[in-house]
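Take a look at the model below.

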Number of protein chains: 2
Amino acid sequence: MHLPIHNEENSRAIKQKPLGQVVADELRRRIWTGEIAYGERLLEAELAAELDISRSSLREALQSLEYEGLVINKARKGTFVYNFTKQDMKEITELRYLIEIPALLKTTSRITDEDIAYLETLLVEMERLIDEEKWYDLFNIDMQFHLTLVHRCGNSRIISMYKVIQTQIRTFLSQLEPYYREKKQLFTKEHAMLVEAFKKRDVQKVERLAKEHINQVAVTLDFVD
Amino acid sequence: MHLPIHNEENSRAIKQKPLGQVVADELRRRIWTGEIAYGERLLEAELAAELDISRSSLREALQSLEYEGLVINKARKGTFVYNFTKQDMKEITELRYLIEIPALLKTTSRITDEDIAYLETLLVEMERLIDEEKWYDLFNIDMQFHLTLVHRCGNSRIISMYKVIQTQIRTFLSQLEPYYREKKQLFTKEHAMLVEAFKKRDVQKVERLAKEHINQVAVTLDFVD
DNA sequence: TGTGGGTATGTTGTCGACATTCGCATATCA
DNA sequence: TGATATGCGAATGTCGACAACATACCCACA
């Protein structure tokens, strides 16, 4: 069972955020944890009742998720959780090469020591979560790691587009969770090496490591099926 | 004065489309024609009444426009038409280099003779609209031209991201309209040369022309102020 | 037994109204 | 006079209900 979206203790903290955004966060969580299955139809009345909110706010959330590519809405037919395919992974990998790689290269010359210090705390956090096998939290930290890097690229539009891609990447990672159990060490090591490259402001190394890291996800997917 | 969104003659044709999308189209039109000014606050009740629709559908439309970056919604403060700056133009230009150029290069080897034939009809249309000085329609054809090219790149995510960028580019063009009056010939010529390059499947030429074309917009903006 | 049409049921699309919050004008006091 | 408190009007956030539509089922009839 889950806590209601707006229980007493949270109501003050999140009152600033539109309810639709809070609901979108919750739906993303349910998708990534598998509580909502891929391909599943999302009945508005049912879901709204379960979350104890109105259909209006739910629909607002669904529109956000549709923009992110996590669900697909067929007019008059309903909203369905999008079921990613290998073809989707190819598209996403191509986009990462076009957007994330150039973003990281720009970041290399703009990254601050504070950024690097923060990244290193994330690395520590990663290792802990890997030990405890808390995959959901681990992937969250992973998102934060990459977003921190892209965030320094200096182009707000690149950042917001990367967020969309990242949401989809995360969806893949969630599905690949069992395969990542085998690659615990690799996971931390790749990120640690990236941090080292940024620390040295070594553009070539960043590019090489980043490409390898991106390929890693694509390769992992190939083992499935 | 404008026709109401859902008058009798249109009601059948657009009944399939969610009202929110129709409203979004109308709002885009009003922004691009200048009927709605940049920076203007959009009062939901007022706008909904004027369009003769409910606030729900209007809010759905506004959410779409916010994703496209045409408006910005400040929680509890209202929705405002986004006012683009030169800095925004720089970001957009950078993104075009990252997304549109690679897309066009991929298209070069995938474009069909039917595509080229269609592009040539658009060229004819462009010349006619330039003669008649119908700038709004001209920019619409321009969007269709570029979208046709990007559409052949084979990556659906690149296409949908390009659509977002293009909507913002279009917003700039609308503001630069007076400057384009001076460049009538250049406008058609650049597109015609691009078509020729695609016809020959000449990747290098496509890349060079496309970059020049992108720079052209950025340069035009520099004359402003 | 298979098919077509019509009805019943359930779901999405759209609407109007209430609840909450914000900003501004006015009032009050140092 | 200036700064701060306060109350009112207006706009956004959220909700529940009705309307329009799609689907599934059932029955009549070939």
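Domain 1 of chain A and domain 2 of chain A bury about 810 Å² between them, and carbon and sulfur atoms give 70% of that area. Buried area here is the accessible area (1.4 Å probe) that two parts lose on being put together, summed over both. The size of an interface is often given in this way, as the accessible area lost when the parts come together.

This is a predicted model: local features need pLDDT of at least 70, side-chain atom pairs count only at pLDDT 80 or more, and totals for chains, interfaces and linings use all residues. Residues are numbered from 1 along each chain as its sequence is written, chains are lettered from A and ligands numbered from 1 in the order in which they are written, and side-chain values use heavy atoms, with hydrogens and water left out.

**Between the domains of chain A**

- A:Trp32, A:Tyr38 and A:Glu68 supply 68% of the area that domain 1 of chain A buries against domain 2 of chain A, more than any other three residues.
- Domain 1 spans 8-81 and domain 2 spans 86-223 in chain A; such bounds come from an automatic or database domain assignment.
- The C-alpha centres of these two domains of chain A lie 26 Å apart.
- Nine residues of domain 1 of chain A are in contact with nine residues of domain 2 of chain A, where contact means heavy atoms within 4.5 Å.
- A salt bridge needs a side-chain nitrogen of Lys or Arg within 4 Å of a carboxyl oxygen of Asp or Glu.
- Helix H2 (19-33) and H4 of chain A each supply at least two residues of the side of domain 1 that touches domain 2. Helices (H or I, at least four residues) and strands (E, at least two) are DSSP runs, numbered from the N terminus.
- H2(A) gives the most to that side of domain 1 of chain A, with four residues.

**Between chains A and B**

- Chain B and chain A bury about 2300 Å² between them, with 52% of it on carbon and sulfur atoms.
- The contact takes 27 residues from chain B and 27 residues from chain A.
- B:Tyr67, B:Arg157 and B:Met161 supply 30% of the area that chain B buries against chain A, more than any other three residues.
- Six salt bridges are counted between chain B and chain A.
- A:Arg157 forms a salt bridge with B:Glu91, and their closest N and O atoms are 3.0 Å apart.
- H4, helix H5 (86-108) and helix H8 (156-175) of chain B are the elements that give two or more residues to the side of chain B that touches chain A.
- H5(B) gives the most to that side of chain B, with nine residues.

**Around DNA strand D**

- Of the 19 residues around DNA strand D, A:Ser54, A:Ser56, A:Lys77, B:Arg55 and B:Arg59 come nearest. A residue counts as near if one of its heavy atoms lies within 4 Å of the strand.
- Sugar or phosphate accounts for 69% of the atoms of DNA strand D within 4 Å of the protein, and the rest belong to bases.
- The side chain of B:Arg55 has an N or O atom 2.9 Å from a base oxygen of DNA strand D.
- The side chain of B:Arg59 has an N or O atom 2.7 Å from a phosphate oxygen of DNA strand D.
- H4(A) gives the most to the surface near DNA strand D, with three residues.

Note on methods. Polar contact = N/O pair within 3.5 Å; in protein donor to acceptor, adjacent residues only side chain to side chain.
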